[in-house]
2 protein chains.
Amino acid sequence: MFEELKVYGSEDFLHELEDKKPLFLCVLATTATSQIPGITGAGAAPDLTEYTPAADVELIVHEAPLCLPEIPKTVVEGGSTPTPAVITKACIELADIPFLVADAGARIKPNLPYILINEKPGDDIRTGKAVDNPRKIFENGKILGEMLSGMAEHLIIGESTPAGTTTALGVLTALGYDANFKVSASLPENPHNLKRDVVKEGLKNAGIKWGEKVKDPFKAVEAVGDPMIPAIAGICMGTDIPITLAGGTQMTAICAFIKAIEEDFDFSRTPIATTIFVAEDETSDINQIARQIGDITIYAVDPGFERATHKGLHGYLTGSVKEGVGAGGMLLEALLKGVSMDTIRDRIDELCHKLF
Amino acid sequence: MFEELKVYGSEDFLHELEDKKPLFLCVLATTATSQIPGITGAGAAPDLTEYTPAADVELIVHEAPLCLPEIPKTVVEGGSTPTPAVITKACIELADIPFLVADAGARIKPNLPYILINEKPGDDIRTGKAVDNPRKIFENGKILGEMLSGMAEHLIIGESTPAGTTTALGVLTALGYDANFKVSASLPENPHNLKRDVVKEGLKNAGIKWGEKVKDPFKAVEAVGDPMIPAIAGICMGTDIPITLAGGTQMTAICAFIKAIEEDFDFSRTPIATTIFVAEDETSDINQIARQIGDITIYAVDPGFERATHKGLHGYLTGSVKEGVGAGGMLLEALLKGVSMDTIRDRIDELCHKLF
């Protein structure tokens with residue numbers, strides 16, 4: 001359909017979404033897991049990672065973060081790569097996509113109006129007690145899904161959850177899936193061993209054996225998950241309009257959570273849209289995880305950052321950041337609404353030159 | 001246009017709204033003013049009034065209040081009258097109107113997902129320091145107005161703010177309008193003297209003379225207002241879609257606030273829709289207040305409660321409750337969407353028999 005798009009999976013529903021009125025919902029959450037040194041690149045330093053979700057959406061609304069002095073970026077040897085919030089901001093503006101922010105439990109709250117689903121952030125999953133009352137978060141998500149149903153025809157749900165691939169690994173593992181060495185990372189060097197060790201410690205402290213399949217998805221999230229997972233799962237199950245899960249391997253944890261609640265859930269209604277940086281990543285395998293869960297279509301969009309003029313964006317080509325804040329899904333939606341990738345990339349470039 | 005409708009004012013834009021996609025936003029706030037005995041009927045007792053906004057929207061979503069054991073009602077000699085939330089609930093269901101809840105500063109938060117505009121409730125206006133940072137609340141309202149613009153074609157904004165007519169009197173008076181003995185009440189006996197004395201004490205403590213015209217509307221709200229006023233004013237000024245201000249005399253305080261910020265604001269875009277119980281109330285005069293501010297069209301809807309089978313609803317006919325939670329505007333929107341008043345009243349009756 002678009003040359004910048006790859007489709008994985010048996011079904012392609014894109015033509016059905018072209019004329020649908022979209023709404024982008026960005027769901028924020030943190031867990032103290034993101035403070036473990038080396039586990040995430042979502043922030044310039046471990047103690048700044050919990051500011052990243054708030055700063056991301058503040059960047060979209062205010063053109064600058066208000067909660068901290070610097071725009072979130074991933075710093076690796078050789079330079080820093082801008083947050084994917086700039087990609088999402090460009091798409092929102094060019095394709096005129098309405099958007100709302102929801103708090104599923106971010107420690108730092110953004111300076112803008114947002115939908116409160118859950119206030120309390122998650123703890124370090126090594127404790128084995130990561131999320132308080134995930135059922136309440138899920139139920140609130142369901143109510144929100146119902147509420148949003150009448151306001152749009154296509155819901156695009158993104159997230160900003162630092163260390164979210166680690167909590168995704170936790171939930172996927174607890175639910176019996178083989179996700180080890182398969183979740184993505186915001187760093188070029190995917191710290192798989194660290195992630196596995198963190199999840200192992202969390203499972204052990206929760207009294208769950210590695211390889212044991214936990215039947216209750218709420219127990220899995222409570223032990224080693226993050227509050228974003230039950231929130232988005234609830235939204236998906238509370239609405240009857242088409243959804244695009246805009247994110248990387250974290251979104252497979254949501255699908256696994258949903259399947260544990262409703263075995264026959266129709267995933268044709270909730271494809272995953274991500275970037276080519278996740279889909280073609282050699283250090284992870286989103287398709288392999290998704291296939292274990294069900295027939296989940298995966299769309300992967302290539303923003304062509306090799307032609308970007310802002311050098312920071314080249315970090316995406318070597319594995320920094322990759323995805324987040326709904327970037328892949330928003331690129332897809334902008335394409336669906338007729339904006340060309342050249343126009344989108346020009347605007348991203350322009351924003352980066354202006355903001356960084 | 002409808003036999004159940006009266007129109008006051010020079011312009012009637014209803015035909016333009018018929019085919020527009022609506023969104024109902026219910027804005028909650030409290031001030032400690034509502035605890036002054038005898039000032040409001042929005043709650044069965046003074047100490048319960050601060051629960052009323054949360055309980056109202058919980059009733060709509062959950063069919064029961066979760067934050068307190070009893071459904072809000074106005075108790076006077078002769079019986080109790082159900083909250084207008086039942087009217088709004090019936091209209092939402094019958095006309096399938098999408099709705100969201102926003103917190104502008106309610107002391108008790110509802111058990112459901114809501115948009116956080118401002119967390120802190122207002123203080124007793126007798127202190128002369130009622131609302132903290134109304135400018136921030138207004139700015140957040142503006143952002144929300146922008147966000148909601150793309151999600152609907154017609155925004156209906158209601159409120160639940162106990163003692164809100166007293167804070168409206170405060171703001172109107174501070175802004176130089178003659179609203180004394182003209183604001184409405186949720187009680188058949190309008191406690192005008194008490195309201196005036198409360199406002200007088202607040203103005204005095206804020207260093208504002210009765211009759212003095214305060215130029216800065218933020219100063220007026222800060223002294224003797226409530227957080228709902230700058231929140232809704234911000235939403236109105238942040239959006240470019242048509243708005244219906246769904247409420248009674250409180251809505252005139254919002255119009256006055258807006259006019260103090262933008263002298264030439266086009267009020268043809270923000271008519272007030274209320275119930276006949278407010279518009280024809282002999283103890284207040286919404287039209288007289290509105291005319292002082294500008295050419296504000298007022299729609300008043302008659303739900304024909306003399307034909308209601310639930311006796312509690314007859315309390316509206318003798319001056320209890322009158323309006324709130326967007327009831328008048330939602331009745332109008334349901335009519336616009338083709339639901340007959342008989343159908344609406346039957347559903348309200350049914351809800352009352354079931355819930356009370």
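**Close-up views of a predicted two-chain model**

**View 1. The contact between chain A and chain B.** Between chain A and chain B the count of salt bridges is zero, in a model that is predicted. The contact itself brings together 23 residues of chain A and 23 residues of chain B, and the area buried between the two chains is about 2,000 Å², with carbon and sulfur atoms giving 71% of it. On the side of chain A, P113(A), M147(A) and M151(A) supply 33% of the area that this chain buries against chain B, which is more than any other three residues supply.

**View 2. A salt bridge within chain A.** Side chains of opposite charge can pair when their charged atoms come close. Over all chains the count comes to 32 salt bridges, and the one shown here joins E280(A) to K6(A), whose closest N and O atoms are 2.4 Å apart. The pair links distant parts of the chain, 274 residues apart, since E280(A) lies in the loop between α10 (276-279) and α11 (286-293) of chain A, while K6(A) belongs to strand β1 (residues 5-8) of chain A.

**View 3. Helices α4 and α7 of chain A.** Two packed helices are described by the angle between their axes and the distance between the axes. In chain A, the axes of helix α4 (residues 134-149) and helix α7 (residues 217-224) come within 9 Å and cross at roughly 115°, and α4(A) and α7(A) are therefore roughly perpendicular to each other. From α4(A), the residues P134(A), R135(A) and F138(A) meet F218(A), V221(A) and E222(A) of α7(A). Sorted by class, the residues of this contact between α4(A) and α7(A) are four nonpolar, no polar and two charged.

**View 4. Helices α4 and α7 of chain B.** In chain B, helix α4 (residues 134-149) and helix α7 (residues 217-224) have axes that come within 9 Å and cross at roughly 115°, which makes α4(B) roughly perpendicular to α7(B). The residues that make the contact are P134(B), R135(B) and F138(B) on α4(B), together with F218(B), V221(B) and E222(B) on α7(B). Four nonpolar and two charged residues, with no polar ones, take part in this contact of α4(B) with α7(B).

**View 5. Helices α3 and α12 of chain B.** The axes of helix α3 (residues 85-95) of chain B and helix α12 (residues 327-336) of chain B come within 9 Å, crossing at roughly 25°, and α3(B) and α12(B) are therefore roughly parallel to each other. Their crossing is left-handed. On α3(B) the residues in contact are I87(B), T88(B), C91(B), I92(B) and A95(B), and these meet A327(B), M330(B), L331(B) and A334(B) on α12(B). By class, the contact of α3(B) with α12(B) comprises eight nonpolar residues and one polar residue, with no charged residues.

Methods. Residues are numbered from 1 along each chain as its sequence is written. Chains are lettered from A and ligands numbered from 1 in the order in which they are written. This is a predicted model: local features need pLDDT of at least 70, side-chain atom pairs count only at pLDDT 80 or more; totals for chains, interfaces and linings use all residues. Side-chain values use heavy atoms; hydrogens and water are left out. Axes are lines fitted to C-alpha atoms, for helices over the stretch in contact, and angles run from 0 to 180 degrees between N-to-C directions. Helices (H or I, at least four residues) and strands (E, at least two) are DSSP runs, numbered from the N terminus. Angles under 35 degrees count as roughly parallel, over 145 as roughly antiparallel, 65 to 115 as roughly perpendicular and the rest as oblique. A crossing is left-handed if the near helix is turned anticlockwise from the far one by less than a right angle, and right-handed if clockwise. Contact means heavy atoms within 4.5 Å. Ala, Val, Leu, Ile, Met, Phe, Trp, Tyr, Cys and Pro count as nonpolar, Asp, Glu, Lys and Arg as charged, and the others, Gly among them, as polar. Buried area is the accessible area (1.4 Å probe) that two parts lose on being put together, summed over both. A salt bridge is a side-chain nitrogen of Lys or Arg within 4 Å of a carboxyl oxygen of Asp or Glu.
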